[in-house]
Amino acid sequence: MDNRGNFSGRIGFILAAAGSAVGLGNIWRFPYLAGENGGAIFLLVYLCCIFLLCYPVMVGEIAIGRAANRDAFGSYSKLGGKNWGYLGLFGILAGIMILSFYNVVAGWAFGYFLHISFGDLLNHENFGNFFGEYVNDIIDVSSINGLANSNLIFSLVFMALTAIIVSLGIQKGIEASTKIMMPALYLILIGIIIYSLTLPNAIEGVKFYLIPDLGELKIQTVVDGLKQAFFSLSLGMGALITYGSYLSKKENITSSAAVISMADTSVAFFAGLMVFPLVHFLAYKLEINAQEIGTSGPPLIFVVLPQIFHEMGPLLGRFIGGSFFLLVCFAALTSTISLLEVPVAYLVDQKKMNRKYVVWMVALLIFICGLPSMVSMGMIPALNKLTFYRGQDFLTFIADMSDITLTIGGCLMTIFISRRWGIHNMDAELALGNETYMQSGVRRFLHITIRWVAPILLGFLSIVIILEKFFGIANLI
Ligand code: PHE
């Protein structure tokens, strides 16, 4: 398996894996889930999930990938036999499912970036109506200020950008692009936070976000925290197995995983610190209570934020708003490349197919798989209100199904390590590049979490998530 490609070193790997982790999940989903679940208490639950469940799963995945030096399917089957290979395949399919809807949302963000920076999107009167029309009409090629207004085109371009990067390979494509996009993302994020903290009433947003109200802790908070943590760290579907397979034996996995988890968590945390002061600024401007601003669901960044940019005035709004959506695009792109790499690595490793050809073929196929999600926002009524799924739209359905597959995938992975591959084999892999590992507390912590805590809690919570999705949490308790 020589010539599969590899990362040039620790920094390249960490940036690429952190790039996979930092994505729409952090900037689009984390703030609104935090808003819906009582702000600070959600943050607390989220951090516990990262520490107790996600970090061990991340270490395990990277160790599996590096030990086997194969794609997700190949890694499980090499270390555990053909039947375990299906777990890798399950992850690859989950990745395809995620990329299919993820690219649609990324396409919206890309369109917003263009329309805010170069068009007249911020002149609209009602951003709710605009967003509704925008996602509904996918092939409207009429132009606003010379820009085609079709999110079919935007998401196609986004998928093409993803494919170009992945087709360039691990070092020249994935690593080189994340080395530019990740620092840029941090800079834009910090810049917007500093600006938003100077706005009137910003401090109220910070308080809401950071002071926990323990009365708010509900089962829903735990379920949302866990599924968000898994999705955000790109766990449970083989992305980190695949990236781990390109990592040199000289590198320290346990410390790299800690840096990746912290990088991802910090971006989610900062995204909240950017959004809540902005929302409270808007409440101040409109002279209403911040609770009256609907911060739940996708509209948060596509409806509420544009309204805030509009309030900032034409020039500043265009600049801050454009920068914000550029940030979202960078975050999404570093994730879509990791999602595409998973099935590509599988076909290149297992079927010995040509990388460039596979990349474009798979990208096109996944783009087509995303079309039902794209037209489910109103264009095709049957997909907009799924009868078997409590009247929700198809995009939400696919997004929810991926949450389920990720936690199940993570649970089975920990079972794989402790009951099949052997925790001593994981130890041996983790000791490479980390001389003190065998005597360390990290090792004891990983043993307890991977053997007991993670499989039990993840198994239990996967069942709760399935029941919640299909029957609603309120009916469960
Ligand atoms: N972690 C990415 C995000 O937060 C999404 C993702 C999930 C990417 C699974 C790869 C694999 O947006």
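Start with the helices around the largest cavity: select α1, α2, α5, α10 and α14, each of which gives at least two residues to its lining. The model is a predicted one. Within that lining, α14 has the largest share, with 3 residues. The lining comprises 18 residues in total, and S20, Y102, F231, S234 and L339 are the ones nearest the centre of the largest cavity. By class, the lining of the largest cavity has 10 nonpolar and 8 polar residues, and no charged ones. The space in the largest cavity is about 140 Å³.

Now show the ligand, which sits in this largest cavity. Select the residues around the ligand: there are 14, with A21, G25, Y102, F231 and S232 the closest. To see where this shell comes from, colour α1 (10-21), α2 (24-36), α10 (219-232) and α14 (314-351), each of which supplies at least two of its residues. The shell around the ligand holds 6 nonpolar and 8 polar residues, with no charged residue.

Next, draw distances from the ligand. One of its nitrogen atoms is 2.9 Å from a polar backbone atom of A21. A nitrogen atom of the ligand also lies 2.9 Å from a backbone N or O atom of S232. The ligand has 330 Å² of accessible area on its own, and the protein covers 100% of it.

Select E61, A72, Y76, L87, G88, G91, G236, M237, G238, I241, G409 and M413 to display its lining. Two or more of these residues come from each of α4 (72-80), α5 and α17, and α5 gives the largest share, 3 residues. The lining of the second largest cavity divides into 6 nonpolar, 5 polar and 1 charged residues.

Last stop: the largest pocket, with a volume of about 550 Å³. Centre the view on Y32, P298, Q392, T396 and D400, which lie nearest the centre of the pocket among its 33 lining residues. Then select α2, α5 (82-118), α10, α17 (394-421) and α19 (441-471); each contributes at least two residues to the pocket lining. Here α2 has the largest share, 7 residues. Colouring the pocket lining by class gives 17 nonpolar, 6 polar and 10 charged residues.

Conventions
Residues are numbered from 1 along each chain as its sequence is written. This is a predicted model: local features need pLDDT of at least 70, side-chain atom pairs count only at pLDDT 80 or more; totals for chains, interfaces and linings use all residues. Side-chain values use heavy atoms; hydrogens and water are left out. A residue is near a molecule or strand if one of its heavy atoms lies within 4 Å of it. A polar contact is a pair of N or O atoms within 3.5 Å; within protein, one must be able to donate a hydrogen and the other to accept it, and residues adjacent in sequence count only if both atoms are side-chain atoms. Accessible areas come from the Shrake-Rupley method with a 1.4 Å probe; for residues, only the protein chains shown count as cover. On a 1 Å grid over the protein atoms alone, a cavity is a set of points where a 1.4 Å probe fits but cannot get out, and a pocket is an open set with protein on both sides within 12 Å along at least five of seven lines; lining residues have an atom within 4 Å of a point. A molecule sits in a cavity or pocket if more than half of its atoms lie within 2 Å of its grid points. Helices (H or I, at least four residues) and strands (E, at least two) are DSSP runs, numbered from the N terminus. Ala, Val, Leu, Ile, Met, Phe, Trp, Tyr, Cys and Pro count as nonpolar, Asp, Glu, Lys and Arg as charged, and the others, Gly among them, as polar. Grid points are joined across faces, edges and corners, and a volume is the space filled by probe spheres set on the points.
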